[in-house]
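Subject: Structure for your review

Dear colleague,

Please find below the structure that I am handing over to you. I would ask you to keep it open while you read the notes that come after it.

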Amino acid sequence: MILMKLIESVKLKNKSFKVYRINQWEIYIFKKFHLNLLKPTPVEFDSPYNYYNFKENIKLGNDNIYLMYFNKKPIAFSYLSFVRITSKNKIRYKLNKKTSFVCEMRGCSVSSKFRGLSIQNYFFKLRQKIALEKIYKYLYVAVSPNNKYSIKNIKQNGYLKINSFVNVKGKKRIF
């Protein structure tokens, strides 16, 4: 049984979409959609995904995964992670102030047929709004330095580069 929570209906460039937040039992919907999206994606653009961890993180309230639907089919996803600051990851975030949590806008991908409709930009604004509602002061996004379209969107939304790191796949990311 599908219990996805409808976040909102949205119209982008004369097309109507529905955006849902999935729960832990619906991770299989995201997994199936995500694996299909990955087929043509350059390996450096996508991060490693552990779907079991997603399920657990959703259950604990550490991750929110959003799926955008068009005509009852998923066409885009995005997710938001609420990260506890530890001595290991404090350097990565370059925080000068004392804080216990930060929010990361992680994966965002759109089916090729729906690119150019400002969906990624929509997800930026949605995730910012949710982070602010949850009173997060620090919001991060990481991207491959080769992903010029995402970098353009990130800059247009007012984000600044603060760091670079290598992910678990050994691929460079900029923060």
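Predicted model: local features only at pLDDT ≥ 70, side-chain atom pairs only at ≥ 80, totals over all residues.

Residues are numbered from 1 along each chain as its sequence is written, and side-chain values use heavy atoms, with hydrogens and water left out.

Helix packing

Two packed helices are described by the angle between their axes and the distance between the axes. Axes are lines fitted to C-alpha atoms, for helices over the stretch in contact, and angles run from 0 to 180 degrees between N-to-C directions. Helices (H or I, at least four residues) and strands (E, at least two) are DSSP runs, numbered from the N terminus.

The axes of helix 1 (residues 27-38) and helix 2 (residues 51-60) are 10 Å apart, and the angle between them is about 140°. These two helices are therefore oblique to each other; angles under 35 degrees count as roughly parallel, over 145 as roughly antiparallel, 65 to 115 as roughly perpendicular and the rest as oblique. On the helix 1 side, the contact (heavy atoms within 4.5 Å) is made by I27, F30, K31, H34 and L35, and on the helix 2 side by Y51, F54, K55 and I58. Six of the contact residues are nonpolar, one is polar and two are charged. Here Ala, Val, Leu, Ile, Met, Phe, Trp, Tyr, Cys and Pro count as nonpolar, Asp, Glu, Lys and Arg as charged, and the others, Gly among them, as polar.

Helix 4 and helix 5 also have their axes 10 Å apart, at an angle of about 40°. That angle makes helix 4 oblique to helix 5. In this contact, Q120, N121 and F124 of helix 4 meet Y149, S150, N153 and I154 of helix 5. The residues involved are three nonpolar, four polar and no charged.

Aromatic pairs

Rings of Phe, Tyr and Trp (its six-membered ring) pair if their centres lie within 6.5 Å; planes under 30 degrees apart count as stacked, over 60 as edge-to-face and the rest as tilted. By this rule there are twelve aromatic pairs. One of them joins F54 and Y79 edge-to-face, with 4.9 Å from centre to centre and 85° between the planes. F54 lies in helix 2 and Y79 in strand 4 (residues 73-84), so this pair ties together parts that are 25 residues apart in sequence. F54 is buried (under 20% relative accessible area; exposed is over 50%, partly exposed in between, with a 1.4 Å probe and protein chains only), at 5%. Y79 is likewise buried, with a relative accessible area of 5%.

The ring centres of F124 and Y159 are 5.9 Å apart and their planes are at 50°, so this pair is tilted. F124 belongs to helix 4 (residues 119-133) and Y159 to the loop between helix 5 (148-156) and strand 7 (164-166), 35 residues apart. F124 is buried at 1% relative accessibility, and Y159 is buried at 16%.

Ring pairs also link F30, Y51, F54, F77 and Y79 into a cluster.

Where is L67 found? L67 is in strand 3 (residues 63-70), and at 0% relative accessibility it counts as buried. Leaving aside neighbours within four places in sequence, L67 is in contact with residues including M4, V19, I29, F30 and F77. L67 and V19 are 48 residues apart in sequence, yet 5.7 Å apart in space, C-alpha to C-alpha.

Yours sincerely,
A colleague
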